[in-house]
Amino acid sequence: MNTPLLQVEHLEVALAQTSRALLHDVSFSLAPHRCLGVIGESGSGKSLLCRALLWLLNTAFVCRGTMRFADDEPLGFHDAALRRYRGRDISLIPQHPMTAFDPLQPIGKQMVETLCAHLALRPREAKDKAIALLQQVRLENAAKRFDDYPAQLSGGMLQRVTIAIALGLSPLLLIADEPTSAVTQAEIVQLFAELRSRNAMTLLFVSHDLGAIQRLADRVMVMHQGRVVKPMRC
Ligand SMILES: Nc1ncnc2c1ncn2[C@@H]1O[C@H](COP(=O)(O)OP(=O)(O)O)[C@@H](O)[C@H]1O
Ligand SMILES: [Mg+2]
(Lines give C-alpha, C1' and ligand atoms only; values in the text may rest on other atoms or scores of the structure.)
(Ligands and ions follow the chains in the order given, each with its own letter.)
Protein backbone atom coordinates (compact mmCIF):
# COMPACT_ATOMS: atom_id res chain seq x y z
CA MET A 1 0.00 0.00 0.00
CA ASN A 2 1.11 3.56 -0.69
CA THR A 3 2.47 5.58 2.21
CA PRO A 4 -0.14 8.27 2.90
CA LEU A 5 0.90 11.74 1.84
CA LEU A 6 -0.89 13.14 4.86
CA GLN A 7 -1.80 11.43 8.08
CA VAL A 8 -3.62 13.31 10.83
CA GLU A 9 -4.06 11.68 14.21
CA HIS A 10 -6.30 12.88 17.02
CA LEU A 11 -6.39 16.55 16.09
CA GLU A 12 -8.10 18.62 18.79
CA VAL A 13 -8.61 22.36 18.56
CA ALA A 14 -9.92 24.44 21.45
CA LEU A 15 -10.25 28.13 22.21
CA ALA A 16 -7.38 29.13 24.47
CA GLN A 17 -9.40 31.54 26.60
CA THR A 18 -12.41 29.40 27.43
CA SER A 19 -11.06 25.91 26.60
CA ARG A 20 -14.17 25.39 24.48
CA ALA A 21 -13.43 22.47 22.15
CA LEU A 22 -14.03 23.18 18.46
CA LEU A 23 -12.49 20.09 16.83
CA HIS A 24 -12.64 16.71 18.57
CA ASP A 25 -10.33 13.81 17.79
CA VAL A 26 -10.11 14.31 14.04
CA SER A 27 -8.11 11.52 12.36
CA PHE A 28 -7.78 10.72 8.68
CA SER A 29 -5.24 9.91 6.04
CA LEU A 30 -4.90 10.86 2.42
CA ALA A 31 -3.04 8.78 -0.16
CA PRO A 32 -1.00 10.45 -2.93
CA HIS A 33 -2.96 11.57 -5.99
CA ARG A 34 -6.29 11.02 -4.31
CA CYS A 35 -8.97 13.54 -3.51
CA LEU A 36 -10.59 13.55 -0.11
CA GLY A 37 -13.85 15.48 -0.05
CA VAL A 38 -14.75 17.14 3.24
CA ILE A 39 -18.38 17.99 3.68
CA GLY A 40 -20.41 19.29 6.60
CA GLU A 41 -22.77 22.02 7.61
CA SER A 42 -21.61 25.54 8.31
CA GLY A 43 -19.72 25.72 11.61
CA SER A 44 -18.79 22.03 11.63
CA GLY A 45 -15.06 22.81 11.69
CA LYS A 46 -13.99 22.41 8.07
CA SER A 47 -12.07 25.70 7.84
CA LEU A 48 -10.45 25.21 11.25
CA LEU A 49 -9.19 21.84 10.05
CA CYS A 50 -7.73 23.36 6.86
CA ARG A 51 -6.00 26.14 8.76
CA ALA A 52 -4.65 23.84 11.47
CA LEU A 53 -2.90 21.77 8.80
CA LEU A 54 -0.88 24.81 7.76
CA TRP A 55 -0.23 26.20 11.23
CA LEU A 56 -2.47 29.14 10.39
CA LEU A 57 -4.35 29.26 13.68
CA ASN A 58 -3.21 32.03 16.01
CA THR A 59 -2.67 31.97 19.77
CA ALA A 60 -6.43 32.21 20.36
CA PHE A 61 -6.46 28.46 19.65
CA VAL A 62 -4.79 25.47 21.31
CA CYS A 63 -4.16 22.42 19.13
CA ARG A 64 -3.26 18.85 20.02
CA GLY A 65 -2.58 15.80 17.93
CA THR A 66 -0.03 14.91 15.29
CA MET A 67 0.37 15.29 11.59
CA ARG A 68 2.67 13.32 9.35
CA PHE A 69 3.53 14.54 5.87
CA ALA A 70 5.03 12.04 3.40
CA ASP A 71 7.92 10.17 5.03
CA ASP A 72 8.75 12.91 7.53
CA GLU A 73 8.62 12.41 11.27
CA PRO A 74 5.21 13.20 12.79
CA LEU A 75 4.87 16.75 14.10
CA GLY A 76 2.57 18.17 16.76
CA PHE A 77 0.09 20.86 15.81
CA HIS A 78 1.92 23.10 18.28
CA ASP A 79 5.14 22.67 16.30
CA ALA A 80 6.21 25.74 14.32
CA ALA A 81 8.04 23.33 11.99
CA LEU A 82 4.65 22.79 10.32
CA ARG A 83 5.23 26.16 8.70
CA ARG A 84 7.87 24.73 6.41
CA TYR A 85 5.21 22.80 4.51
CA ARG A 86 3.47 25.96 3.39
CA GLY A 87 3.76 26.70 -0.30
CA ARG A 88 5.34 23.94 -2.35
CA ASP A 89 4.36 21.04 -0.09
CA ILE A 90 0.91 22.20 0.98
CA SER A 91 -1.03 25.15 -0.41
CA LEU A 92 -4.34 26.48 0.79
CA ILE A 93 -7.03 28.13 -1.24
CA PRO A 94 -8.74 30.03 1.58
CA GLN A 95 -12.50 30.19 1.93
CA HIS A 96 -12.58 33.99 2.01
CA PRO A 97 -10.29 35.20 -0.78
CA MET A 98 -10.44 38.86 0.32
CA THR A 99 -8.49 38.01 3.47
CA ALA A 100 -5.69 36.48 1.40
CA PHE A 101 -4.57 39.78 -0.15
CA ASP A 102 -3.00 43.02 0.99
CA PRO A 103 -5.58 45.63 -0.07
CA LEU A 104 -2.84 48.17 -0.81
CA GLN A 105 -0.93 46.17 -3.43
CA PRO A 106 -1.98 45.19 -6.97
CA ILE A 107 -2.88 41.51 -7.22
CA GLY A 108 -0.22 40.86 -9.88
CA LYS A 109 2.54 42.20 -7.64
CA GLN A 110 1.34 39.95 -4.82
CA MET A 111 1.27 36.96 -7.14
CA VAL A 112 4.82 37.65 -8.33
CA GLU A 113 6.06 37.99 -4.74
CA THR A 114 4.51 34.66 -3.76
CA LEU A 115 5.79 32.85 -6.85
CA CYS A 116 9.31 34.27 -6.41
CA ALA A 117 9.33 33.42 -2.69
CA HIS A 118 8.62 29.74 -3.35
CA LEU A 119 10.00 29.06 -6.84
CA ALA A 120 13.39 29.93 -8.27
CA LEU A 121 12.00 32.52 -10.69
CA ARG A 122 13.12 36.00 -11.71
CA PRO A 123 10.40 38.68 -11.42
CA ARG A 124 9.97 38.88 -15.22
CA GLU A 125 9.45 35.10 -15.47
CA ALA A 126 7.14 35.19 -12.46
CA LYS A 127 5.03 37.89 -14.15
CA ASP A 128 4.66 35.81 -17.32
CA LYS A 129 3.78 32.77 -15.24
CA ALA A 130 1.26 34.79 -13.17
CA ILE A 131 -0.54 36.00 -16.30
CA ALA A 132 -0.57 32.47 -17.77
CA LEU A 133 -2.03 31.18 -14.50
CA LEU A 134 -4.73 33.86 -14.50
CA GLN A 135 -5.61 32.78 -18.02
CA GLN A 136 -5.67 29.14 -16.92
CA VAL A 137 -8.28 29.93 -14.25
CA ARG A 138 -10.15 31.91 -16.92
CA LEU A 139 -9.93 35.34 -15.38
CA GLU A 140 -11.12 37.67 -18.13
CA ASN A 141 -8.58 40.23 -19.39
CA ALA A 142 -5.89 38.57 -17.32
CA ALA A 143 -3.04 40.82 -18.47
CA LYS A 144 -5.02 43.97 -17.69
CA ARG A 145 -6.28 42.63 -14.38
CA PHE A 146 -2.69 42.05 -13.29
CA ASP A 147 -2.38 45.69 -12.15
CA ASP A 148 -5.75 45.85 -10.41
CA TYR A 149 -6.07 46.20 -6.66
CA PRO A 150 -8.06 43.54 -4.73
CA ALA A 151 -11.02 45.91 -4.24
CA GLN A 152 -11.36 46.23 -8.02
CA LEU A 153 -12.10 42.52 -8.36
CA SER A 154 -15.30 40.70 -7.40
CA GLY A 155 -15.24 37.90 -4.80
CA GLY A 156 -15.45 35.32 -7.58
CA MET A 157 -12.51 36.90 -9.45
CA LEU A 158 -10.39 36.99 -6.29
CA GLN A 159 -11.25 33.35 -5.74
CA ARG A 160 -9.81 32.61 -9.18
CA VAL A 161 -6.65 34.55 -8.29
CA THR A 162 -6.14 32.53 -5.08
CA ILE A 163 -6.64 29.34 -7.12
CA ALA A 164 -4.13 30.59 -9.72
CA ILE A 165 -1.51 31.23 -7.02
CA ALA A 166 -2.03 27.80 -5.46
CA LEU A 167 -1.80 26.07 -8.86
CA GLY A 168 1.33 28.04 -9.69
CA LEU A 169 3.13 26.58 -6.70
CA SER A 170 2.29 23.02 -7.89
CA PRO A 171 2.02 21.80 -4.30
CA LEU A 172 2.08 18.12 -3.42
CA LEU A 173 -1.13 18.67 -1.47
CA LEU A 174 -3.69 21.30 -2.37
CA ILE A 175 -6.27 22.21 0.25
CA ALA A 176 -9.27 23.94 -1.28
CA ASP A 177 -11.61 25.42 1.33
CA GLU A 178 -14.93 25.94 -0.45
CA PRO A 179 -13.30 27.29 -3.60
CA THR A 180 -16.59 27.68 -5.44
CA SER A 181 -18.68 30.78 -5.08
CA ALA A 182 -22.17 30.68 -6.57
CA VAL A 183 -21.07 32.55 -9.69
CA THR A 184 -18.01 30.53 -10.59
CA GLN A 185 -18.97 27.10 -9.35
CA ALA A 186 -19.38 25.05 -12.53
CA GLU A 187 -16.20 26.36 -14.18
CA ILE A 188 -14.11 25.98 -11.04
CA VAL A 189 -15.30 22.42 -10.49
CA GLN A 190 -14.42 21.73 -14.15
CA LEU A 191 -10.94 23.16 -13.55
CA PHE A 192 -10.42 20.87 -10.56
CA ALA A 193 -11.79 17.94 -12.56
CA GLU A 194 -9.12 18.62 -15.22
CA LEU A 195 -6.44 18.69 -12.53
CA ARG A 196 -7.74 15.40 -11.19
CA SER A 197 -7.73 13.80 -14.62
CA ARG A 198 -4.08 14.78 -15.07
CA ASN A 199 -3.41 13.20 -11.69
CA ALA A 200 -1.53 16.38 -10.98
CA MET A 201 -1.85 16.64 -7.24
CA THR A 202 -3.36 15.33 -4.05
CA LEU A 203 -6.44 17.26 -3.07
CA LEU A 204 -8.36 17.98 0.10
CA PHE A 205 -11.52 19.52 -1.25
CA VAL A 206 -13.94 21.16 1.19
CA SER A 207 -17.42 21.93 0.02
CA HIS A 208 -21.00 21.97 1.12
CA ASP A 209 -21.95 21.09 -2.45
CA LEU A 210 -22.58 17.37 -2.78
CA GLY A 211 -22.50 17.55 -6.58
CA ALA A 212 -18.97 19.00 -6.61
CA ILE A 213 -17.80 16.44 -4.03
CA GLN A 214 -19.33 13.56 -5.99
CA ARG A 215 -17.62 14.71 -9.16
CA LEU A 216 -14.17 15.20 -7.65
CA ALA A 217 -13.65 13.10 -4.54
CA ASP A 218 -12.52 9.48 -4.23
CA ARG A 219 -13.64 9.44 -0.62
CA VAL A 220 -15.75 11.68 1.55
CA MET A 221 -15.27 12.70 5.16
CA VAL A 222 -18.38 14.12 6.80
CA MET A 223 -17.96 16.58 9.68
CA HIS A 224 -20.56 17.51 12.26
CA GLN A 225 -20.04 19.80 15.25
CA GLY A 226 -16.26 19.46 15.12
CA ARG A 227 -16.21 15.67 14.76
CA VAL A 228 -15.65 13.34 11.86
CA VAL A 229 -18.86 11.38 11.67
CA LYS A 230 -17.81 9.33 8.69
CA PRO A 231 -14.07 8.57 8.73
CA MET A 232 -12.45 7.44 5.52
CA ARG A 233 -9.17 6.06 4.33
CA CYS A 234 -8.12 6.59 0.77
N1 LIG B 1 -11.87 32.90 15.88
C2 LIG B 1 -12.83 32.12 16.41
N3 LIG B 1 -13.29 32.35 17.66
C4 LIG B 1 -14.27 31.59 18.20
N5 LIG B 1 -14.85 30.55 17.59
C6 LIG B 1 -14.44 30.28 16.34
C7 LIG B 1 -13.42 31.04 15.68
N8 LIG B 1 -13.22 30.52 14.44
C9 LIG B 1 -14.10 29.49 14.33
N10 LIG B 1 -14.83 29.35 15.47
C11 LIG B 1 -15.89 28.35 15.70
O12 LIG B 1 -15.40 27.07 15.30
C13 LIG B 1 -16.44 26.33 14.70
C14 LIG B 1 -15.99 25.83 13.35
O15 LIG B 1 -15.78 26.92 12.46
P16 LIG B 1 -15.31 26.71 10.95
O17 LIG B 1 -14.16 25.80 10.92
O18 LIG B 1 -15.15 28.07 10.37
O19 LIG B 1 -16.61 25.99 10.33
P20 LIG B 1 -16.93 25.64 8.81
O21 LIG B 1 -15.74 26.00 7.97
O22 LIG B 1 -17.23 24.17 8.80
O23 LIG B 1 -18.15 26.45 8.46
C24 LIG B 1 -17.66 27.24 14.65
O25 LIG B 1 -18.49 26.89 15.73
C26 LIG B 1 -17.10 28.61 14.84
O27 LIG B 1 -18.02 29.44 15.50
MG1 LIG C 1 -15.53 27.23 6.39
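Reply: A salt bridge is a side-chain nitrogen of Lys or Arg within 4 Å of a carboxyl oxygen of Asp or Glu. This is a predicted model, in which local features need pLDDT of at least 70, side-chain atom pairs count only at pLDDT 80 or more, and totals for chains, interfaces and linings use all residues. Residues are numbered from 1 along each chain as its sequence is written, and side-chain values use heavy atoms, with hydrogens and water left out.

Me: Into which domains is the protein divided?

Reply: Domain bounds come from an automatic or database domain assignment. Here domain 1 comprises 1-89 + 171-234, and domain 2 comprises 100-170. Their C-alpha centres lie 24 Å apart.

Me: How many salt bridges are counted between domain 1 and domain 2?

Reply: The count is two salt bridges. Arginine 138 forms a salt bridge with glutamate 194, with 3.6 Å between the closest N and O atoms. To the side of domain 1 that touches domain 2, α6 gives the most, with six residues; helices are DSSP runs of H or I, at least four residues, numbered from the N terminus.

Me: How is the helix α5 to be read: mostly covered or mostly open?

Reply: Buried means under 20% relative accessible area (1.4 Å probe, protein chains only). Helix α5 (residues 155-168) has 14 residues, and twelve of them are buried, including Leu158, Val161 and Ile165. Among the elements that cover these buried residues are α2 (107-118), α3 (123-136) and α6 (185-197). Just after α5, serine 170 takes a positive phi of about 40 degrees.

Conventions:
Chains are lettered from A and ligands numbered from 1 in the order in which they are written. Helices (H or I, at least four residues) and strands (E, at least two) are DSSP runs, numbered from the N terminus. The expected span of a helix is 1.5 Å times one less than its number of residues. Buried means under 20% relative accessible area, exposed over 50%, partly exposed in between (1.4 Å probe, protein chains only). Contact means heavy atoms within 4.5 Å.
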